[in-house]
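This briefing concerns the fold of a single chain. Please consult the sequence and the model shown here before reading on.

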Amino acid sequence: MDRRGFVLLMAAGVLGAAVGRGTAELVAEPTSWIPGAVRPAAATPSPPVQPPGTLPPPIGVVDRLPGTGTRLALTIDDGVSSAVVGAFAELAADTGLRLTFFPNGRYRSWTDNARALRPLVESGQVALGNHTWGHPDLRTLDDASVAEEITRNRRFLADVFGAGETPFFRPPYGSHDARIDRIAADCGHPTVAMWEGTLADHRVLTPDELLAAARQWFAAQSIVIGHANHATVTTVFDELVALLEQRSLETVTLADVWTHPV
Ligand SMILES: [Zn+2]
């Protein structure tokens, strides 16, 4: 199946999921209602309905999507390479793939590709999380420096993408502890987004190595980490999309699943 076919398949999956979550409400009959009389309008308005598929963000660590289903969250970190970030933006635009990026503001790739990424962020097809400004091992820093790393990147995401609040925080190298988690929460990121599967491409891989990692970890309800750092991943985009299709996996952003309560 080509990319367009895959997009249609994913759209069908989203619709199917939405239908399954109908908001049936039980409304009690007004006790004053008399048969034959004009039925009075409901006295109380319906409560606001939460958008389908969204839950309040968890406080603490997540590494999988909740519940059962056929969703997969592909999360892409860092952004050392402008070309690779640009290729991911193009892939998303071409296929409808839903992605969550964890940029480091220190890399120019994000401003280089802001024009391509902004519409995807605005539509919700791409979600963002905070991965710190400079990618340090936060456990080596004092409290004030940890907070500065997070808040500087938070401002960067808002400035470059017009991004609203994001609850998601991913510590560089996955290095965190209770102190780091508390500071991140104080900075506005209560959800520490770790991962279950990895493309293992924080180092330079051959295409075969990267695809082997994808075959190992592309699974239902998984959060998978990859990186926009080395070009290898861009040479196997078609194979990755085909693998998702073969396994009937529907990509979602972390914000599709968890959002800030309104
Ligand atoms: Zn990283």
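Which handedness does the β-α-β unit made by strand 2, helix 2 and strand 3 have? The unit formed by strand 2, helix 2 (residues 82–95) and strand 3 is right-handed; that is, with the strands pointing away from the viewer, the path from the first strand over the helix to the second runs clockwise. The model is predicted: local features need pLDDT of at least 70, side-chain atom pairs count only at pLDDT 80 or more, and totals for chains, interfaces and linings use all residues. Residues are numbered from 1 along each chain as its sequence is written.

**Overall content**

- The chain contains nine helices and nine strands, where helices (H or I, at least four residues) and strands (E, at least two) are DSSP runs numbered from the N terminus.
- Of its 262 residues, 37% count as buried, meaning that 20 or more other C-beta atoms, placed from the backbone, lie within 10 Å of the residue's own.
- Among contacts in the chain with a separation of 6 or more, 81% are between residues 24 or more positions apart; a contact requires C-beta atoms, placed from the backbone, within 7 Å.

**Strand 2 and its partners**

- Strand 2 (residues 71–78) is mostly covered, with eight of its eight residues buried.
- Strand 2 runs parallel to strand 8 (residues 222–227), to which six bridges join it; two strands pair if DSSP finds at least two bridges between them. Within this pairing, Asp77 has His227 as its bridge partner.
- Five bridges link strand 2 in parallel to strand 3 (residues 99–103), and Leu74 lies opposite Leu99 there.
- Strand 9 (residues 250–251) is also parallel to strand 2, through two bridges; Leu72 faces Thr251 in strand 9.

**The open sheet 1-6-5**

- Three strands in the order 1-6-5 form an open sheet with parallel pairing. Its edges are strand 1 (60–62) and strand 5 (168–169), each of which pairs on one side only.
- Strand 5 is joined to strand 6 (residues 191–193) by two bridges in the parallel sense, with Phe168 opposite Thr191.

- Beyond its neighbours within four places in sequence, Ala73 contacts Leu65, Thr100, Ile223, Val224, Val252, Thr253 and Leu254.

Key: A residue is buried if 20 or more other C-beta atoms lie within 10 Å of its own, exposed if 12 or fewer, and partly exposed in between; C-beta atoms are placed from the backbone. Two residues are in contact if their C-beta atoms, placed from the backbone, lie within 7 Å.
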